[in-house]
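Please keep the sequence and the 3D view open as you read.

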Amino acid sequence: MATELARVPCGSHQRLRFSWGPGSELYCCAVNSSEGQLGEEESTSTAVQWDCPGPISRRIIYDAHVKYVECEQVKGDPLLRPAQLEQFCTDVGAIMDASLPDDEELFDEEAQLIAEERALWTILSLFFGGMGESDRLISQDLASWLQVNAAVLLAGEGGRQLSPASLAAFESADYPELTEGYWETLQRLVCLGWTADALSLLGLHSAWAAWKSGGSLHPALAGRIRSLDAVASLLRCFPRLAGAGAAAGSPRRGAADSGAGQELSGAEEFLSYRARWQGQCALVLGEGSLWEGEHEAPCRALLACMAGDVEQSSRLATSWPELLVARLLAGHPAVGRAADLLHLVRAAAAARPPPAAGPGDAAAALSARVLALLTACAGLDAQAALQACSHGASAWLSAHAALVVAQHPAGRQLESDLLAEYGCTQPEFYKLNFVSALASHEPTRSVARGYLAWCPHHGEQALHSLDKRMAAEATQCPALQGLCLPQES
């Protein structure tokens, strides 16, 4: 999140007096330096606010607060806590998703920030929120996560080639398969498991239209149709683990891939079916009669990826998240959540390093943050995970991430260790920071009170201070508040 400096008017013969408002707010008043001085400079008053939640953020804050209270209420119950925490992570992810426009092209600055935080929230939930402890596979969860959040995770030139607009551009070509990037895009879609998009793009091949118009007697055309049909038939049976989309906290992926692939109900069934399916892909790949012409080479490359060729699946990946998911799907479907996954994450980042983040380069900064968070989560490093979530993120995300991390065995110590300089735990520190952003705005002050109830060290004092400031605000205008207090610069 970019930091903007506020400009406060103050003349050369004036002094700037100020007082703190409720929360993240500062009242400033520029007055003449001497009571008897008659200057031409007019006194001005300014209210400076920061960390202000926008309209979309406020909807999320209201809805998530109810879920937050439910989760806090069962923290001390070891039987109810895990299930409630997982439900909390799922509900908050769904709240964030429902608050975003359906068309990602319509994202404004606030929606873009929320979309980025949704990607971070999902990763945190998978590892610290208990969402990965049931009959799920991390390879499938990460594949779902990447597809749901592709607009922000694959934001570079390579990512834009997989956007709906770029895929739709192939439809206008007379011979899409001769268009630059067609086969490369198709292979990347297959490697990422985006089977609905892959089947749609494969269906644009001009051979299908020629065959339907009566060209079936042409030997070359018939051979091309056989090879295309072999790939399409196997893609329609692409193995998919039921529930993987739910781990991403979004209904968008389920709608995108409805009916694309063979859905399996459990990890064991999925892995068994996948082994048989990849074996079938290898058999078809070895069928020499299907691949006699040079023009069949692209289809052979697709089948090699589907048969589990990790090197072929990795070749066209343009970023570390894409490379990681391609390698997981091709050769590591049952990878664990600790050392093995951590090794794959680091290897993907080494092969496709995140771009250096320059001033204002939000996409590069997000890529680095996501990499830091996924690395921390794969190693169950609670402190590093919390730091990755809080760096450059909203106060809302930091506060809620702290709750999730502190409930995991790896982060339980966060609830007991006090920060010496603040006299409270780290989760409470993030809550108080979030409350400061809420307290600056009358519509969200009731929610601020609700969060203060769960701050055992400073909550009561902060609530008293908030009520006192609100009483002063109700009786005095900002200009008078600035004049009545002695602080000055």
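Lys 431 is buried, with a relative accessible area of 5%, where buried means under 20% relative accessible area, exposed means over 50%, and partly exposed lies in between (1.4 Å probe, protein chains only). The side chain of Lys 431 meets that of Glu 72 in a salt bridge, 3.2 Å from N to O; a salt bridge is a side-chain nitrogen of Lys or Arg within 4 Å of a carboxyl oxygen of Asp or Glu. This is a predicted model, in which local features need pLDDT of at least 70 and side-chain atom pairs count only at pLDDT 80 or more, while totals for chains, interfaces and linings use all residues. Residues are numbered from 1 along each chain as its sequence is written, and side-chain values use heavy atoms, with hydrogens and water left out.

**Salt bridges**

- Side chains of opposite charge can pair when their charged atoms come close.
- A search of the whole structure finds five salt bridges.
- Glu 72, the partner of Lys 431, is buried too, with a relative accessible area of 5%.
- Lys 431 belongs to helix α22 (residues 426-439) and Glu 72 to helix α1, so this pair links distant parts of the chain, 359 residues apart. Helices (H or I, at least four residues) and strands (E, at least two) are DSSP runs, numbered from the N terminus.
- In another salt bridge, Asp 91 pairs with Lys 67, and their closest N and O atoms are 3.8 Å apart. Asp 91 sits in helix α2 (residues 81-98) and Lys 67 in helix α1 (residues 55-73), so the pair ties together parts that are 24 residues apart in sequence.
- Buried or partly exposed: which is Asp 91? At 18% relative accessibility, Asp 91 counts as buried, whereas Lys 67, at 25%, counts as partly exposed.
- Arg 118 forms a salt bridge with Asp 97, with 2.4 Å between the closest N and O atoms. Arg 118 lies in helix α3 (residues 109-128) and Asp 97 in helix α2, so parts that are 21 residues apart in sequence are tied together. Both Arg 118 and Asp 97 are buried.

**Helices α1 and α23**

- Two packed helices are described by the angle between their axes and the distance between the axes.
- The axes of α1 and helix α23 (residues 445-452) come within 11 Å and cross at roughly 25 degrees. Axes are lines fitted to C-alpha atoms, for helices over the stretch in contact, and angles run from 0 to 180 degrees between N-to-C directions.
- The two helices, α1 and α23, are therefore roughly parallel to each other (angles under 35 degrees count as roughly parallel, over 145 as roughly antiparallel, 65 to 115 as roughly perpendicular and the rest as oblique).
- Among the residues making this contact are Tyr 62 and Tyr 68 of α1 and Tyr 451 of α23; contact means heavy atoms within 4.5 Å.

**Ile 95 in helix α2**

- Ile 95 is found in helix α2 and is buried, with a relative accessible area of 13%.
- Not counting residues up to four places away in sequence, Ile 95 touches Ile 60, Asp 63, Ala 64 and Lys 67.
- Ile 95 and Asp 63 are 32 residues apart in sequence and 7.1 Å apart in space, C-alpha to C-alpha.

**Leu 380 in a loop**

- Leu 380 lies in the loop between α19 (362-378) and α20 (382-390).
- Phi of Leu 380 is near 50 degrees, a positive value in a residue other than glycine.
- At 37% relative accessibility, Leu 380 counts as partly exposed.
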